[in-house]
Amino acid sequence: MDAVDQHIEQWRTQRPDLPLDAMATFGRLGRLLGTAGPAIEAVFLRHGLTTGEFDVLAALRRSGEPFTLTPSVLARSMMLSPAAMTNRLDRLEGAGHVTRTLDPGNRRSMLVSLTASGRATVDAAVTEHVANEERLLAVLTRAERETLDGLVRTLLAGIEDGQT
């Protein structure tokens, strides 16, 4: 029995009329995030980044040469407001990881580009990040990981598409 089972058992005693399976699932997902989240964030901190800053650098790096996107594309990909993206870009530009230039194709827009420093930082961070996530999932077999990934993908798609 884990901590979630204990909470669910207490609820079953107090509210036997409620179906509590969903509460147990989301309780475990929340505990997983609360436990794994700091271990993941620690990797980014070792590279001088917050999780949000890593996300911006990673989006630019994944985009391929010339590692350039508009702030609006970045914000949409991360489900952020323009103001939140501006704050992240300000910090990353101050650290020398990105540059912002006027878009020659649209003078009302800016282009955000990964610098050599930004590329080196994100490459080092993502290498350590992937190894860390592999370590965190090492308690599962390959088949269990594939099953978990498929189930979480289905759940996420249903919630994001408003099917639930």
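Student: Which residues are linked with Arg61 in a network of salt bridges?

Tutor: Side chains of opposite charge can pair when their charged atoms come close. A salt bridge here is a Lys or Arg side-chain nitrogen within 4 Å of an Asp or Glu carboxyl oxygen. The network joins Arg61, Glu65, Arg119 and Asp123. The model is predicted, so local features need pLDDT of at least 70 and side-chain atom pairs pLDDT 80 or more, while totals for chains, interfaces and linings use all residues. Residues are numbered from 1 along each chain as its sequence is written, and side-chain values use heavy atoms, without hydrogens and water.

Student: How many salt bridges does the whole structure hold, and which residue pairs with Arg28?

Tutor: The search finds 13. Arg28 pairs with Asp5, their closest N and O atoms lying 2.7 Å apart. This pair connects helix 2 to helix 1 across 23 residues (helices are DSSP runs of H or I, at least four residues; strands are E, at least two). Arg28 is partly exposed at 32% relative accessibility, as is Asp5 at 30% (that is, between 20% and 50%, with a 1.4 Å probe and protein chains only).

Student: At what angle do helix 1 and helix 2 cross?

Tutor: The axes of helix 1 (residues 3-14) and helix 2 (residues 21-46) come within 9 Å and cross at roughly 150 degrees. Helix 1 is therefore roughly antiparallel to helix 2 (over 145 degrees).

Student: Which residues form salt bridges with Arg100?

Tutor: Asp90, at 2.5 Å between the closest N and O atoms, and Glu93, at 2.8 Å. Arg100 is in strand 2 (residues 98-103) and Asp90 in helix 5 (residues 82-94), so their pair ties parts ten residues apart in sequence.

Definitions and conventions:
Axes fitted to C-alpha atoms, helices over the stretch in contact; angles between N-to-C directions. Parallel < 35°, antiparallel > 145°, perpendicular 65-115°, else oblique.
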